[in-house]
Structure formats: C-alpha cells, structure tokens
Amino acid sequence: MVKRLTALTLAIFMAAVLAACGSNGTAANSGNASSGVNAESADAAASEKITIKYWYAFGDKIEEAKLHMVKEFNESQDKIEVVAEHQGDYEDLHAKVQAAFAAGDAPAVTDLEIASTGVFARSGMLEELTTYAERDKDQLQLEDFNPGLMGNAYVDDKLYGLPFMRSTPILYKNVTMLKDAGLDPAGPKTWDELEQYSRVLKEKGKVGMTVAADIWFYEGLVAQSGGQMLSEDGKSAAFNSPEGVAPVEFWKKLTSEGLIKMPVGDEAGATADKDWSNQVSAFKFGSTAGVTGSLEIAKGNGFELETAFMPANVSYGVPTGGCQLVMTSKSSDEEKEAAWEFIKWMTSKENTIYQHKHVGYLPTRLSAVESDELKKHFEEYPQFKVAVDQLEYARPRPMENAYPEIAKMIKESIQKAIIDPNTTPQDALNQAAEKANKLLSK
C-alpha cells in the first residue's frame, strides 16, 4: 500500500519551515567553518571523512538490501561515511523528514515515495539534480534509466530524484489452487476472466481474490479502463468519469456475490496477504517488491506461484510506485557532493541488479535488464520478469500538491461504495471529486 503526505501535515510543515528560515534561511548544520579555525586544524578537518545521514523506509528484506548497499558503499572508499537510519513506512519517513528539515537537521539523502515528489520539491525541501546530472552525464548515463520509471523523477521539467526501489502492482497466482479447480493457470488475463475464475473457485469453497481498496490498485484499474485520475492540466478530478467508476462497480459486483473479498481498515492489506498465503484466495494484487517473499511463502506452504500482468479491461494499464533517492536542500556544499556520490552509487547498474534479485523491485536500468546476470535470473525465476514487461503499459502517478489528500478521499469513497448498499459508486466518487476540485483549485 502506498502512503503519502496529507494536506494538513504539509500545512503544519510549511509553517514550521517559514519559522525555521526566519534568519536568512540558513540551516543550523550548514557545515561552515568558524573564522577562528587555524590552517593546521583546517587541514586535519579536510582529511576526515564527511558523514551524511540516509533515511529509509521499510524493514525485512528491503532493509537488508539497503543496509547491505550502504555497507558496501562505505567500504568502497575512504572519504564518505553514510549513516543509514530506519524511519518506518513512507508516511512515517515523510513526516520525520519534514520535521527534521524545519529544525535544520534533515538527512542529506532520503527515500521519497514517488507521488510525494511534487510536494517536497515545490516546498523547497529538495535539491534540484539537473546540474549534477549534466556535469556527470558520462558516469551517470541518465538515458540508461528505464523511461517508464522517469515520469515521477521530474517536477516542472526539473530533475529531483533518481529511480531507486521502484515497483508496479502485479497479479500473484496460486497455480496449484487453479489446477485443482480445473482452471487454466495461464489466466485470468481480463476482468471478465477474473470474474469467471472466481465463480468456479467459489463453487470449490474458495475466494477468487482478497483485495484492499488501495488507491494504487485503483489507479491501475482506471488506467485499464482508459481513464485518468486527474485532468491533463491537473486542475480538476477525472476519476468520477465512467472509466473511473467502472473499477468500483466491478469490485462492488464481485463482493456482493461473494466472489472476492474487500476488507477495510488499517489491516486490509495484511488480511489480503494472509488470505493468499493461507490459500483462502487464489489471487492477490501486490507490489513486485514482494516477489522474493511470496516465493518463500509459496514454497513453505506447498503451492506453486506464478505472477502475471494485472488483468486488462479495455487494455492493460498499471501505475508505477516505490521510491526514488533525493537530496535535501539545506546541507552544506560538501555534504551535497557526498550525497550525490552516494545516490549515484546506490542507483548503479550493479546495485539495481542486486536489489532486484534480493527483493523483487524493478531493475531500474536498461543495462541491468539486458545483462547476462538478469537474463539468467529471469530464466530461472520468470516471476521476476513480469513487472519489467508490464512497464510497457505503465504511467506515472499524479504529483499535484493536493493529490495525497485526494487519494485518501478516493479510498474512503471506494470503501463506502463497497460497504453501503445504498451508496452507488458514481455517487461516492462524485462526492470525492467535489472535494478534490476544491483542493485542486487552491
């Protein structure tokens, strides 16, 4: 599930930033030497490592991969020491970065969930990376990043982040359950087939899918229906169009007939994962970041796992997700140079191969996808390649400042439409759109 900043949190943050910048906008940790430092102590200081903080989200195998890469970076050279600190999920991380920035103690580098890039960049929290990328273009090879992952790297045509642990939602299938039900494990490839498969599974006492009303999954179904979340100029809601209503109508129909389950509340995503792991449900939507963990679950519980594109409606379509690495704007020049070296290293071909194999996040570089190492990996574990192929149908997430709050409204409206038999999907999304338009017009 993807979490972001709320408008209220941003408002509080901006007030704090303005207060913190009251004295010439200078951060407390600017790193400027005092005038009393003599030449000998300056030479000594120059020989010391530059220490920078890197804040990251999530634990388990994701954390293992990040800490491994940080350790490798620190051991690869003797000029920079990166201190990595875990800060919870994306929502926790974002809130802590806001507070630290306002206090003049922000990390030099942080993970940033892609849909929040616009909010952070436009508030002045992020360092623009265009100059760095142009200066080091031969080493960086910006064109090597998969174009399908670059849409959220730019804000107002300026580069603010580099793709790091990026993802798309994919379909996870319990092939053993499908075979036992007499279903072709190659499907379902469309919404209609998903409904048909779910009817057969219901007869066997199973559930087709347990799925949370996650905004990320909903964005995918809207794309598959030919719709958009917001208007092209980003100034009005578009999700209450027929293409945006269709996914909620589909979900409501299937839940009302007991073909799928849609839990609500904070544990909805965990419930969906549990149902799939325990073979209550044959399918689940999940991030490509879960491939490694899901393979381990399938092996432990004695069933065969395959992954596939999210089923199509009028076409395939999928949002991208995950995070990119960004540099905060209040660090000293020395810290920014160190941060840039670290960001380049973390997003290298070698590291994108490593983190993809260890976790399942997308290999962000074309050279990584084309490498002999990943070609061999895909042959052995085709479940990892599905998300790479699905990028052909990927689209960036909206980055309007109000979108994090709008996404929350949409999720609540979907849940209301599913739970309340007297609320139609159209009415629920119309109400959300009315509120969204007020935010977008500000």
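Phe250 is buried, at a relative accessible area of 11% (buried is under 20%, exposed over 50%, partly exposed in between; 1.4 Å probe, protein chains only). This is a predicted model: local features need pLDDT of at least 70, side-chain atom pairs count only at pLDDT 80 or more, and totals for chains, interfaces and linings use all residues. Residues are numbered from 1 along each chain as its sequence is written, and side-chain values use heavy atoms, without hydrogens and water.

Phe250 has an aromatic partner, Trp191. Rings of Phe, Tyr and Trp (its six-membered ring) pair if their centres lie within 6.5 Å; planes under 30 degrees apart are stacked, over 60 edge-to-face, the rest tilted. The count is 16 aromatic pairs. Trp191 and Phe250 are stacked, 4.8 Å centre to centre with 20 degrees between the planes. Trp191 lies in helix H9 (residues 191-203) and Phe250 in helix H11 (residues 242-256), so the pair ties together parts 59 residues apart in sequence. Trp191 is also buried, at 8% relative accessibility.

Phe309 and Tyr393 pair edge-to-face, at 5.9 Å and 70 degrees. Phe309 is partly exposed at 21%, and so is Tyr393 at 31%.

Now the helices. The axes of H3 (residues 60-76) and H15 (residues 349-358) come within 9 Å and cross at roughly 155 degrees. H3 and H15 are therefore roughly antiparallel (over 145 degrees; under 35 is roughly parallel, 65 to 115 roughly perpendicular, the rest oblique). Lys61, Glu64, Ala65, His68 and Met69 of H3 meet Asn351, Tyr354, Gln355 and His358 of H15, with contact meaning heavy atoms within 4.5 Å.

Conventions: Axes fitted to C-alpha atoms, helices over the stretch in contact; angles between N-to-C directions. Helix = DSSP H or I, 4+ residues; strand = E, 2+ residues; numbered from the N terminus.
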